[in-house]
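User: I'd like to go through some labels on this model and ask what stands behind each one. Can you walk me through them?

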Amino acid sequence: MHGRVSEKSDKNGEGDHMVLKMLTGSQAVAWAARLARAEYIPAYPITPQTEIIEILSEWVRKGEMEAIFVQMESEHSLLTAAGTAAATGARVFTATSSQGLLYGFEMLYSIAGWRAPLVLVNVARALAAPITLEPDHNDVLAARDSGFLQFHAESVQEALDFVLLAYRVAEDNRVLLPAIVNIDGFHLSFTRERVDLPEQSTVDEFLPEYKPVNPIRASEPVAKGIPVLIPPLYSFFKYQMHMASRNALNVFREAAKDFEKMFSRSYATVEEYMLDDADTVIVMSNSFAAVGKQAVNAMREEGRKVGLLRIRLFRPFPTDDIVKSLRGKKCVVVVDQNISIGKGGIICPEIAEALYHLEDRPKVILPVIAGLGGKSISLEEFRHAVRVAERLASLKAGPDGPLLLFREDEAMLVDSLLKIASGG
Amino acid sequence: MRLSDAPILERGHIFNPSYVLVTAPSLLFDPTVKPLEGMADGSVLFVNSSKEVQIVQPKKVHTIYRDITELALKHIGRDILSAAMGAVACKLSGLISLQSLVDSVEEELAELGLAADLIEKNVQLAKECYSSVESISLRGLDYKPSHKVVEVQYMGERGIPDLLSMGNTILRKTGSWRVFTPIVDKNLCTACGICYIYCPEACISLDEQGYPVINYNNCKGCLVCTVECPRRAIKTERETIWS
């Protein structure tokens with residue numbers, strides 16, 4: 001299924017080598033689960049996630065992967081099984097999408113509250129209604145406050161690498177929180193890209209055996225996520241979760257250092273793209289950041305000093321790194337591929353809060369909504385947003401609300417479809 | 001309930017009560033209840049008890065003892081104290097007239113669907129309780145200084161809500177909840193073990209001869225044993241062993 005393209009030697013020359021393959025995002029995260037030696041995989045199909053569990057079930061069936069694969073009856077059961085298995089000390093992998101994530105939503109808070117580390121891949125898909133299959137991030141961002149760590153991938157390579165990093169960070173006993181790795185449906189899940197597939201021995205070295213804290217054992221009973229009923233006790237445990245999540249920032253940085261040594265790929269919590277001399281910075285996350293970079297290239301050619309900042313680690317929120325990247329810039333354009341109805345983008349206020357107390361904070365932080373339901377974001381729209389931000393800066397004015405990006409040809413398409421729908 | 005002519009800006013827990021009414025004296029010694037906590041000098045304490053209780057922290061608190069349970073048993077035949085304690089509170093505070101009290105008892109119990117005769121019994125109980133105490137106005141209340149604010153530290157693995165000490169409910173001395181105590185009459189008991197099986201809290205064990213032994217530290221006084229005993233060998237007594 002995965003034709004070997006070529007082999008290359010590891011740059012460290014430690015005798016290890018990686019294999020270059022053309023993999024879809026689904027294949028890549030399945031490989032990551034396999035390389036991480038996930039022991040338990042509760043599954044439930046949903047577009048566009050299903051390919052992941054199809055691959056894993058086949059590997060398990062053929063005996064190529066040593067794991068227990070169970071098809072559950074819903075995502076609520078799936079997450080319950082995943083969390084409880086992690087609490088017994090099993091390394092758990094699972095995946096869902098969109099409505100599935102929301103159907104199991106209650107359990108996200110429970111699993112995080114049990115402090116049960118596991119990795120859940122969310123294949124982003126916009127939420128109904130109206131129903132669609134293409135991605136935006138209202139599904140994964142709904143889980144923002146649950147206690148799950150969140151890694152947002154731009155490429156198929158990152159999708160694979162983030163699953164490995166997520167296990168390493170989540171299982172660290174300074175953290176002990178579950179993690180979501182977000183990959184965009186279709187744009188990553190069904191798109192083949194070139195991937196360095198790590199060797200099992202190197203992954204084993206990077207990812208030691210999961211050593212659970214107070215695992216549930218038949219012989220040694222332990223109650224997890226006990227009812228507390230006493231308000232200060234509840235507050236105490238929530239504060240502990242928050243501090244554990246904040247610890248994950250440095251644990252991630254440590255893990256990323258080891259990862260770079262072993263796999264020659266380096267990951268900071270954010271990616272800076274052409275930021276050094278930039279006046280205006282576009283902030284994005286996930287796969288559509290690629291088109292943001294393309295727009296930056298185009299505007300650079302036009303002589304505009306534009307750069308892009310991409311958030312890889314969304315929870316814990318890398319406030320310090322964002323401040324380092326954005327302080328002293330003139331304008332920030334936050335492109336939210338999600339919408340909090342009645343407010344605007346979800347990420348923009350977090351960026352604004354991070355920058356607020358700086359003397360040298362940007363003059364304008366422009367909220368922009370784009371790419372909902374997988375709508376493409378064009379160069380013209382990026383250019384328009386940057387122009388609006390720069391005009392506001394020169395007028396010393398602020399935005400009225402988020403820009404809702406749309407193009408004329410898209411408006412015409414919508415108009416024609418509305419005509420068909422109305423029978424006129 | 002929150003009622004005042006002026007806006008009430010307290011919400012939730014009452015940390016510095018002016019009047020404290022305690023339905024059972026055993027609660028005074030329950031470490032999880034701590035009914036006296038936050039009471040200021042000059043405040044008023046009512047304890048449902050026929051005799052004085054040695055309170056651990058003597059305070060300049062006006063304390064009254066009445067056996068309201070006895071009155072409830074007399075009027076309605078059961079230890080249901082809501083109308084009784086409500087009546088005491090109304091009278092102590094001096095804010096609620098007897099007529100308002102009677103109207104409220106009638107209205108609220110009718111809402112619950114109680115039969116007219118039972119409502120009338122509750123009204124009689126409320127009236128007797130109302131007349132059993134005098135209104136006590138508050139003297140200058142003097143509250144303790146406020147607490148220090150601290151920062152919670154990260155506790156690592158200890159900060160995870162895991163419970164490792166299984167079977168620790170025995171530490172919670174629920175025996176203080178009893179109004180009636182089950183007492184086994186060894187002359188009638190045939191050691192059939194039925195009470196042992198039925199006890200929902202596993203507070204009954206069997207001795208070497210198979211006779212039941214009740215753990216009074218944890219028995220809540222539900223009296224399931226009394227009902228299930230085929231020989232009617234388990235009697236009940238008003239609780240007095242709360243100290």
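This is a predicted model: local features need pLDDT of at least 70, side-chain atom pairs count only at pLDDT 80 or more; totals for chains, interfaces and linings use all residues.

User: Now A:T132. What makes A:T132 count as partly exposed?

Analyst: A:T132 has 17 C-beta neighbours inside 10 Å. Buried would take 20 or more, and exposed would take 12 or fewer. The value lies in between, so A:T132 counts as partly exposed. As for its place, A:T132 is in the loop between β6 (119-124) and α6 (138-142) of chain A.

User: What does A:T132 touch, leaving out residues up to four places away in sequence?

Analyst: A:T132 touches A:A126 and A:G373. A:G373 is 241 residues from A:T132 in sequence, yet the two C-alpha atoms are 6.7 Å apart in space.

User: On to chain B. How many helices and strands does chain B have, and what pattern do they follow?

Analyst: Chain B has six helices and eight strands. Along the sequence they read β-β-β-α-α-α-α-β-β-α-β-β-α-β. The C-alpha trace of chain B spans about 65 × 60 × 35 Å along its principal axes, and 23% of its 243 residues are buried.

User: How do you know that β2 and β3 of chain B pair?

Analyst: Pairing takes at least two bridges. Strand β2 (residues 44-48) of chain B is joined to β3(B) by five bridges, and the two run parallel. In that pairing, B:V44 stands opposite B:H62 of β3(B).

User: And what makes β1 and β3 of chain B edge strands?

Analyst: In chain B, β1 (19-22) and β3 (62-66) each pair on one side only. The sheet is open and has three strands in the order β1-β2-β3, with parallel pairing. Its twist averages 15 degrees from one strand to the next. Helix α2 (residues 82-93) of chain B lies across β1 and β2 of that chain, at about 155 degrees to β1(B). Over 145 counts as roughly antiparallel, and the angle of α2(B) to β1(B) is about 155 degrees.

User: Last one: how do you know that β10 of chain A pairs with β4 of chain B?

Analyst: The cut-off is at least two bridges. Strand β10 (residues 223-224) of chain A and strand β4 (residues 162-163) of chain B have two, in the antiparallel sense. A:A223 stands opposite B:L163 of β4(B). The contact between the chains takes 18 residues from chain A and 12 residues from chain B. On the chain B side, those residues divide into eight nonpolar, two polar and two charged.

Notes: Residues are numbered from 1 along each chain as its sequence is written. Chains are lettered from A and ligands numbered from 1 in the order in which they are written. Helices (H or I, at least four residues) and strands (E, at least two) are DSSP runs, numbered from the N terminus. Two residues are in contact if their C-beta atoms, placed from the backbone, lie within 7 Å. Ala, Val, Leu, Ile, Met, Phe, Trp, Tyr, Cys and Pro count as nonpolar, Asp, Glu, Lys and Arg as charged, and the others, Gly among them, as polar. Axes are lines fitted to C-alpha atoms, for helices over the stretch in contact, and angles run from 0 to 180 degrees between N-to-C directions.
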